[in-house]
Amino acid sequence: AIRQITLKQQETAPRKAQAAAQSQAEGQVPQFSAFLAHDITGRSFQISPLPLSLPLDCQPGIDCWVFNFVDADPGKGHADFACGRMSYDNHKGTDIAVSDTGRLFEMIPIRAAAAGTVLGVRDGMEDISIQRIGRAAVKGKECGNGVRIDHGGGWHTQYCHMKRGSVSVKSGDLVRSGDQIGAVGLSGFTEFPHVHMTVEKSGK
């Protein structure tokens with residue numbers, strides 16, 4: 001499982017994807033959490049107190065996909081928010097993956113999901129699968145190259161596994177929702193190119 005790191009202080013349908021792309025082209029940042037949704041059991045979800053935009057510059061369902069959600073099972077098993085299996089034990093974030101390793105050369109932007117102040121960054125770790133280097137090689141640095149942002153009110157987001165040399169912000173920088181902060185990579189505890197985003201409220 002990917003642990004929280006202490007960073008250096010300094011509709012998957014094509015129509016919806018096209019609409020998101022059009023919004024971006026018009027200078028708008030698509031909001032994916034500012035609506036009331038229902039899961040398959042009929043339970044309703046409240047509007048998020050911290051509306052978040054998509055942290056990856058892509059078209060969901062076309063060239064990127066959610067691969068894992070937060071583990072909602074407090075025990076040794078795992079379950080996603082809808083009691084499905086798209087998670088693994090103790091997974092604390094959401095993984096949004098791109099199609100293949102070859103896309104690392106495209107420098108696909110990772111963007112701040114909400115406005116805030118950069119708390120810390122890490123850069124310089126190699127883009128290489130954990131299957132090749134082993135878990136011990138990234139112990140204490142599971143997030144890989146990453147950025148942590150303070151959004152106020154106890155809210156924080158953290159973005160992991162960025163491409164080496166792509167982190168474009170530093171501690172203390174003010175960012176807006178949609179600002180580029182890095183690019184998709186393969187650093188840290190990962191086997192495939194993706195962004196792992198963690199959302200925390202008062203440390204939880």
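1. In this predicted model, the link of Cys58 and Cys64 is right-handed, with 70° about the S-S bond. The two sulfurs of Cys58 and Cys64 lie 2.0 Å apart, and both Cys58 and Cys64 are buried.

2. A second disulfide, with an S to S distance of 2.0 Å, joins Cys143 to Cys160. The link of Cys143 and Cys160 is left-handed, at -100° about the S-S bond. Cys143 sits in the loop between α2 (130-133) and β8 (145-152), while Cys160 belongs to strand β9 (residues 155-162), so this pair ties together parts that are 17 residues apart in sequence. Cys143 and Cys160 are buried.

3. On the disulfide count: a search of the whole structure finds two. With the bonded cysteines of the protein chain numbered in sequence order, the pairing reads 1-2, 3-4.

4. Ser187 is placed in the loop between β11 (180-183) and β12 (194-201). Its relative accessibility is 0%, and Ser187 therefore counts as buried, the cut-off being under 20% relative accessible area.

5. The side chain of Ser187 reaches the backbone oxygen of Met162 at 2.8 Å. Leaving aside residues up to four places away in sequence, Ser187 touches Met125, Glu126, Asp127, Cys143, Gly144, Asn145, His161 and Met162. One of these residues, Cys143, is the disulfide partner of Cys160.

Definitions and conventions:
Residues numbered from 1 in each chain as written. Predicted model: local features only at pLDDT ≥ 70, side-chain atom pairs only at ≥ 80, totals over all residues. Heavy atoms only, no water. Helix = DSSP H or I, 4+ residues; strand = E, 2+ residues; numbered from the N terminus. Buried < 20%, exposed > 50% of the residue type's maximum accessible area, 1.4 Å probe, protein only. Polar contact = N/O pair within 3.5 Å; in protein donor to acceptor, adjacent residues only side chain to side chain. Contact = heavy atoms within 4.5 Å. Disulfide = S-S within 2.5 Å.
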